[in-house]
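Trainee: I have a structure to learn from. Can we go through it step by step?

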Amino acid sequence: MGILLSYLPLIQVFLSVALIVLVLLQREEAGLGGAFGDATGGGTGRTRRGLELTLFYATIVTAILFVSVTVARLFL
């Protein structure tokens with residue numbers, strides 16, 4: 001258990017950097033305006049495909065792992 005506690009901060013730093021990179025790699029046109037029906041046509045009417053879909057799922061998984069490690073550090 002002590003070894004796991006010593007590696008949790010390192011894992012959290014790695015996950016935070018990975019999460020930042022994955023968020024920055026997302027599509028640029030999908031800003032806040034597209035979420036609210038921007039007149040330029042961005043956002044709501046387009047489906048993700050290929051690498052964009054993989055990045056989307058990888059971002060979600062990384063965020064869940066980051067939150068899990070953070071909660072684990074809080075309670076351990």
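Mentor: Start with a term: contact means heavy atoms within 4.5 Å. Keep in mind that this is a predicted model.

Trainee: Among contacts between residues at least 6 apart in sequence, what percentage join residues at least 24 apart?
Mentor: Take the contacts in the protein between residues at least 6 apart in sequence. Then pick those that join residues at least 24 apart. Their share is 79%.

Trainee: How many helices and strands are there?
Mentor: The elements run α-α-α from the N terminus on. Strands number 0. The helix count is 3.

Trainee: How are H1 and H3 oriented to each other?
Mentor: H1 covers residues 2-24, and H3 covers residues 51-75. Their axes lie 9 Å apart, at an angle of about 150 degrees. Angles over 145 degrees count as roughly antiparallel. Therefore H1 and H3 are roughly antiparallel.

Trainee: What is the handedness of the crossing of H1 and H3?
Mentor: Two packed helices are described by the angle between their axes and the distance between the axes. The handedness is a further detail here. The crossing of H1 and H3 is left-handed.

Trainee: In the contact of H1 with H3, how many residues are nonpolar?
Mentor: H1 brings residues including Leu8, Ile11 and Leu15 to the contact, and H3 brings residues including Leu55, Phe66 and Val69. By class, 5 residues of the contact are polar and 1 is charged. The nonpolar count is 15.

Trainee: Is Gln12 buried or exposed?
Mentor: Gln12 sits in helix H1. Leaving out residues up to four places away in sequence, Gln12 touches Phe66, Val69, Thr70 and Arg73. The relative accessible area of Gln12 is 14%. Buried means under 20%, so Gln12 is buried.

Trainee: Which residues does Glu52 touch, not counting residues up to four places away in sequence?
Mentor: Glu52 has its place in helix H3. Glu52 has a relative accessible area of 17%, so Glu52 is buried. The residues that Glu52 touches, with those up to four places away left out, are Arg27 and Arg46.

Trainee: What percentage of the residues count as buried?
Mentor: Gln12 is buried. Glu52 is buried as well. The protein has 76 residues, and the share that counts as buried is 16%.

Trainee: What share of the accessible surface belongs to carbon and sulfur atoms?
Mentor: Begin with the total. The accessible surface of the protein comes to about 5,900 Å². The share that belongs to carbon and sulfur atoms is 71%.

Conventions. Residues numbered from 1 in each chain as written. Predicted model: local features only at pLDDT ≥ 70, side-chain atom pairs only at ≥ 80, totals over all residues. Heavy atoms only, no water. Helix = DSSP H or I, 4+ residues; strand = E, 2+ residues; numbered from the N terminus. Buried < 20%, exposed > 50% of the residue type's maximum accessible area, 1.4 Å probe, protein only. Areas by Shrake-Rupley, 256 points an atom, 1.4 Å probe, with all protein chains shown as cover. Axes fitted to C-alpha atoms, helices over the stretch in contact; angles between N-to-C directions. Parallel < 35°, antiparallel > 145°, perpendicular 65-115°, else oblique. Left-handed = near helix turned anticlockwise from the far one by under 90°. Nonpolar A, V, L, I, M, F, W, Y, C, P; charged D, E, K, R; others polar.
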